[in-house]
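The sequence and structure are shown first.

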Amino acid sequence: MSSLIIPFPTELRPILPTIVGNVDYLTMRRRLEQIESLLRASDLEANFVEQALQGWLASACRPPTAQQQQQFQLRSRRALRCTILRTLLQEDDRGFSCALAGNPLYQWFCLVDALDRVRVPSKSELQRFAHWLEAAQMRHLIEGLLVAGMDPAGRLNLKEPVDLAEYFVDTTALKANIHFPVDWVLLRDATRTLMKAVTLIRREGLKTRMEPPPEFLRRINRLCIQMTHSRRQPESRKERKRVLRGMKKLVKVVGRHARRHRDLLDQEWEKTGWSRRQAEQVLGRMDQVLELLPRAQQQAHERIIGERKVDNAEKILSLYEPDIQVLVRGKAGAEVEFGNKLLLGENKQGIILDYQFWQETAPADCSVLVESLERVVVGLKRKMGAVGGDRGFASKANTSGLAWAGVFNGLCPRSPAELKQRMKEPRFVRMQQRRSQTEGRISILQRGFLGRPMRAKGFDHRELAVAWGVLTHNLWMLARLKKEKKEPLRQAA
């Protein structure tokens, strides 16, 4: 145990009730008990509390008392367990808080059970729990869990240790939670956001002369309906240009009213019932839209009225998610996707060994393989025996690099003639057959642990959600590898 962590006596906790006749509940209970054992045996929980303590003590104005540190350590343990369980159940903060209040098994796992009364975290507390550590710190915890799983002494009591003989890598597009980016729809989004913020400000008694905000919402909705049906008219191009000019005229008026109310709130927020922090939430929401609104108007003008193309690097895909990219996938039903590129590397047991999430335009697959291998070698202090992947990762540099490092090359070659020749190698064929399961692993992670689409907003929060998803996924997979306890034989009466 770290010297920062002060050991405290544990309080008395109620015993879980005995439930019979429900296999799903018993399976969930067994998995949570196994995950709880992994958190303790791998020192993951202790490392999580230590990382949180270091940041908390560094930001404290004065040395905390023992009671304050005890409370923070308990909150840190709850932050870890609540976020793991919420990620596993794929619940939002409000729904998970409600589920936690009525389930003794969840209360036991999250350390909120008590003999006298149960006090569950609120939705705001659960949101703070999800941001308890940064993404880099979460990666360090994931690596520590994998190192503990590779221990030949069997510290985690697994049927077999984490295997690094074979490594399979693939990339995917992690979609952002946005609608399809249509240019004129951005103007509708801006109008709705600004008028809703203006409504909140006017409700607090700060007003300037203007028409009622719902009137602007009604007008923009009517223009959107006209734009939708303009394609069916004979002069569709002229009609679309006419409707867009009306939208631009309306949005300019909306922008002026929003700026006046924004400045009024910034100067006279004391007259409202809000705190300065609450006022800054509304101000930040308005500033983000007002900053991008002129660019959104210009983009719609260029594409609809000017009929000119706009480069992907200059496009605004969303007013609320500025860090998403246009990802050309070329797949059936998903020719183009909007989000960020995600790389995943797993072993043959299905445990994720490495991940990378790109904020900017991601490089080609062939140029990220070496970086992924280096992260695994540095983090786990072990070298891979073989690497498998699709032809996107194949290149002359990767082939020579793997040969120099003594790692078996299971990458699918780009040349059909070379692929035909390599299909005579039994190990290569087996790795290519196993490689297809990595796409299934990506789907499991996205649908079962990240959500489709993800609820997290902003790249930093999405990157942190990916780290929590990988950690929860690996805990779930390692729990399935734990040795089952032998039940004692019952003597006949």
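## Cavities

How many cavities of 30 Å³ or more does a search of the whole structure find? The search finds 2. A cavity is a set of points, on a 1 Å grid over the protein atoms alone, where a 1.4 Å probe fits but cannot get out, and its lining residues have an atom within 4 Å of a point. A volume is the space filled by probe spheres set on the points, which are joined across faces, edges and corners. The model is predicted: local features need pLDDT of at least 70 and side-chain atom pairs count only at pLDDT 80 or more, whereas totals for chains, interfaces and linings use all residues. Residues are numbered from 1 along each chain as its sequence is written, and side-chain values use heavy atoms, with hydrogens and water left out.

The largest cavity holds about 90 Å³ of space. Its lining includes Arg139, Glu143, Asp354, Tyr355 and Arg375. Two or more lining residues come from each of α7 (135-149), β4 (352-357) and α12 (369-380); helices (H or I, at least four residues) and strands (E, at least two) are DSSP runs, numbered from the N terminus. The lining divides into 7 nonpolar, no polar and 4 charged residues, where Ala, Val, Leu, Ile, Met, Phe, Trp, Tyr, Cys and Pro count as nonpolar, Asp, Glu, Lys and Arg as charged, and the others, Gly among them, as polar.

The second largest cavity has about 50 Å³ of space. Strand β1 (residues 166-175) gives the largest share of that lining, 3 residues.

## Cysteines

The structure holds 0 disulfides (pairs of cysteine sulfur atoms within 2.5 Å). For Cys98, the nearest cysteine sulfur is that of Cys110, 14 Å away. Cys98 is exposed at 60% relative accessibility, whereas Cys412 is buried at 7% (buried is under 20% relative accessible area, exposed over 50%, partly exposed in between, with a 1.4 Å probe and protein chains only).

## Aromatic contacts

There are 7 aromatic pairs in the structure; rings of Phe, Tyr and Trp (its six-membered ring) pair if their centres lie within 6.5 Å, with planes under 30 degrees apart stacked, over 60 edge-to-face and the rest tilted. Phe72 and Trp132 are stacked, at 5.6 Å centre to centre and 25 degrees between the planes. Trp56, Phe72, Phe129 and Trp132 form one cluster.

The charged end of Arg139 sits over the ring of Tyr355, 4.2 Å from its centre (NZ of Lys or CZ of Arg within 6 Å of the ring centre and within 35 degrees of the ring normal).

Notes
1 Å grid on protein atoms, 1.4 Å probe; cavity = no way out; pocket = protein on both sides within 12 Å on 5 of 7 lines; lining within 4 Å.
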